[in-house]
Amino acid sequence: MSDWIAIGALAAVGVLIPLGMMSVSALLRPSVPETGKSTTYESGETPTGGTRIRFNIQYYMVALLFVVFDIETVLLFPWAVIYRPAIAAGVPMIDLLWPMLAFVGILAIGLVWAWRSGAISWARSPRATSRKTERDLN
Amino acid sequence: MGTAPAQLFPEFLVDTFGLPGVLGEVVASLIGAAVVANIILAFSGVAGPWAKRKITAAFTDRIAVDRIGPFGLLIIPASAVQLLAKELIIPEGVDRPTWDIAPILLPASAMLGFSVIPMGQIGPLNIHLADPEVGLALVFAFASIASVSLVMAGYASNNKYSLLGGLRAVAQNLAYEIPLIVTAMSVVIFAGTLQISGVVGAQTETLATVAGFDIPAWFAFVNPFAFVLFLTANLAEIGRNPFDIPEAPTEIVGGYQTEYSSAYFVLFYLGEFVHIFLGGAILSVVFLGGASGPGPESISFIWFVVKVWGFFLFTQWARAAIPRVRIDQLIEIGWKGMLVLSFANLVLTAVIVGVIA
């Protein structure tokens, strides 16, 4: 009995349920078009400018770091699986531990570098820092 | 490890009804999947329109939904019909079909995570669809598809609030995914397998006996530090307080779901609840002994429900009690605090397991 048939079956059911809800809703719901109803929501104001704008680079920095660490976790999983059985089979602990420590250590150095260069502390834009609040003015 | 696990749900159906061949397997799997999906839908249906309001009301000393039916329970079908019958407003400039796929992807991916979760037994029926060898890695993979859906919704909505919400969701999931998985890895070191039944089986041994009670070796008792780390990262992963900045209603309206209405909005709402329950299910599998509990094996479904709803209650408690963190605090807690702590936990666990084994 294949596990993947069951997983595929749940994937099919999982897509069919939202599709079913959408179809039922399409049968039930009214359509009352009015001018201005479909305007982009900007807290009741008329929308200004486009949405696809240049954006805070910080999100990109975090994403770059993530790729490195995510691949690390993928590579560590096999090690975690065999660790205890290997110890039980009589492999000395230090032989199992040092490759992992070296691997994590290299990434830790990378993290320290990212930390010191400020990649993981949220940068404030000059505009945000220069903005005066009412309290500052008093 | 432990006793042989009970038959999986589709196998049970094949054997009971004598379904032949591959077609029989597919039919049995579809029936099993429909049952599992309906259990999750029932959870979310009770949680969304009813339990969440009742719990919030209890925390804030108010009275909630008590007009329709006993304890206001009939608000559930009423809300379902009402929400589905709402007009769908498609805003200007949305990027279709991305805008339409996102609300399908979120509940579907969260539901898919339940395919490998053992939900315990009702009588001889073991509600567990599949048990592949890579189960634990698979369930994390399924759970993290949700952030793709959130960024799709955020980008396709052509709304600045949505864009902010989508990007925040990604930044948050990226920051907490690694502590979550590395902490789970410390459990894998104990269990020595990624197969969910193996992870659960490793927790059936007795840790200690206190006053005649056998305390099972749940990893929450074996390694409470990892449990707390995992619980925190899990809250961030499912985007609940104090880590709810992707929606942050008081800052960015509704985040990625600002421009959604009607069934599309319901699907996001549903997906979030399924995701909370998936978070609870993963927590119970990895740290709370799966569906096990006192009493016979045949009622263990009750324990699964108790654990998953316990986690749901916890998220609602956190929602009522803990203020939201800012994005800069979120990144610092994730990358400077939790990441370092989770690796420290991994190395320490490896050393301790190596010494005692």
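Predicted model: local features only at pLDDT ≥ 70, side-chain atom pairs only at ≥ 80, totals over all residues.
Colleague: Let us start with chain A. How many helices and strands does chain A have?

Modeller: Chain A has 5 helices and 0 strands. Read from the N terminus, the order of its elements is α-α-α-α-α. Buried residues account for 18% of the 138 residues in chain A.

Colleague: What makes α2(A) roughly antiparallel to α3(A)?

Modeller: Helix α2 (residues 58–88) and helix α3 (residues 93–116) of chain A pack at an angle of about 165 degrees, and their axes are 11 Å apart. An angle over 145 counts as roughly antiparallel, so α2(A) is roughly antiparallel to α3(A). Their crossing is left-handed.

Colleague: Which residues make that contact?

Modeller: On α2(A) they include Leu65(A), Val68(A), Phe69(A), Glu72(A) and Trp79(A). On α3(A) they include Met93(A), Leu96(A), Met100(A) and Gly110(A). By class, the residues of the contact are 12 nonpolar, 1 polar and 1 charged.

Colleague: Why is Leu27(A) called exposed?

Modeller: Leu27(A) belongs to helix α1 of chain A. It has 8 C-beta neighbours inside 10 Å. A residue with 12 or fewer is exposed, so Leu27(A) counts as exposed. Between Leu27(A) and Tyr41(A) there are 26 Å from C-alpha to C-alpha, with a separation of 14 residues in sequence.

Colleague: How many residues does each chain bring to the contact between the chains?

Modeller: Chain A brings 55 residues and chain B brings 72 residues. On the side of chain A, α1 (3–28), α2 and α3 each supply at least two residues. The largest share of that side comes from α1(A), with 18 residues. By class, the side of chain A that touches chain B holds 40 nonpolar, 9 polar and 6 charged residues.

Colleague: Now chain B. How do you know that α5(B) is roughly antiparallel to α6(B)?

Modeller: Helix α5 (residues 135–156) of chain B and α6(B) pack at an angle of about 170 degrees, with axes 8 Å apart. The cut-off for roughly antiparallel is over 145, so α5(B) and α6(B) are roughly antiparallel. Among the residues in contact are Leu136(B), Phe140(B) and Ser144(B) of α5(B), and Ser162(B), Leu163(B) and Gly165(B) of α6(B). The contact divides into 13 nonpolar, 7 polar and 1 charged.

Colleague: What makes Ile39(B) partly exposed?

Modeller: Ile39(B) sits in helix α2 (residues 21–59) of chain B. It has 17 C-beta neighbours inside 10 Å. A buried residue needs 20 or more and an exposed one has 12 or fewer, so Ile39(B) falls in between and counts as partly exposed. Ile39(B) and Leu346(B) are 307 residues apart in sequence, and their C-alpha atoms are 35 Å apart in space.

Colleague: Asn158(B) and Asp61(B) come next. Why is Asn158(B) called partly exposed, and why is Asp61(B) called exposed?

Modeller: Asn158(B) has 19 other C-beta atoms within 10 Å. Being buried takes 20 or more, so Asn158(B) is partly exposed. Asp61(B) has 6 C-beta neighbours inside 10 Å, so it counts as exposed. Asn158(B) is in the loop between α5 and α6 of chain B, and Asp61(B) is in the loop between α2 and α3 of that chain.

Colleague: What is phi in Asp61(B) and in Asn158(B)?

Modeller: Phi of Asp61(B) is near 60 degrees, a positive value in a residue other than glycine. Asn158(B) is not a glycine either, and has a positive phi of about 60 degrees. Most residues other than glycine have a negative phi.

Colleague: Which residues does a cis peptide bond join?

Modeller: The cis bond joins Arg96(B) and Pro97(B), with omega about 5 degrees. Pro97(B) lies in the loop between α3 (75–84) and α4 (98–113) of chain B. Most peptide bonds are trans.

Methods
Residues numbered from 1 in each chain as written. Chains lettered and ligands numbered in written order. Axes fitted to C-alpha atoms, helices over the stretch in contact; angles between N-to-C directions. Helix = DSSP H or I, 4+ residues; strand = E, 2+ residues; numbered from the N terminus. Parallel < 35°, antiparallel > 145°, perpendicular 65-115°, else oblique. Left-handed = near helix turned anticlockwise from the far one by under 90°. Contact = placed C-beta atoms within 7 Å. Nonpolar A, V, L, I, M, F, W, Y, C, P; charged D, E, K, R; others polar.
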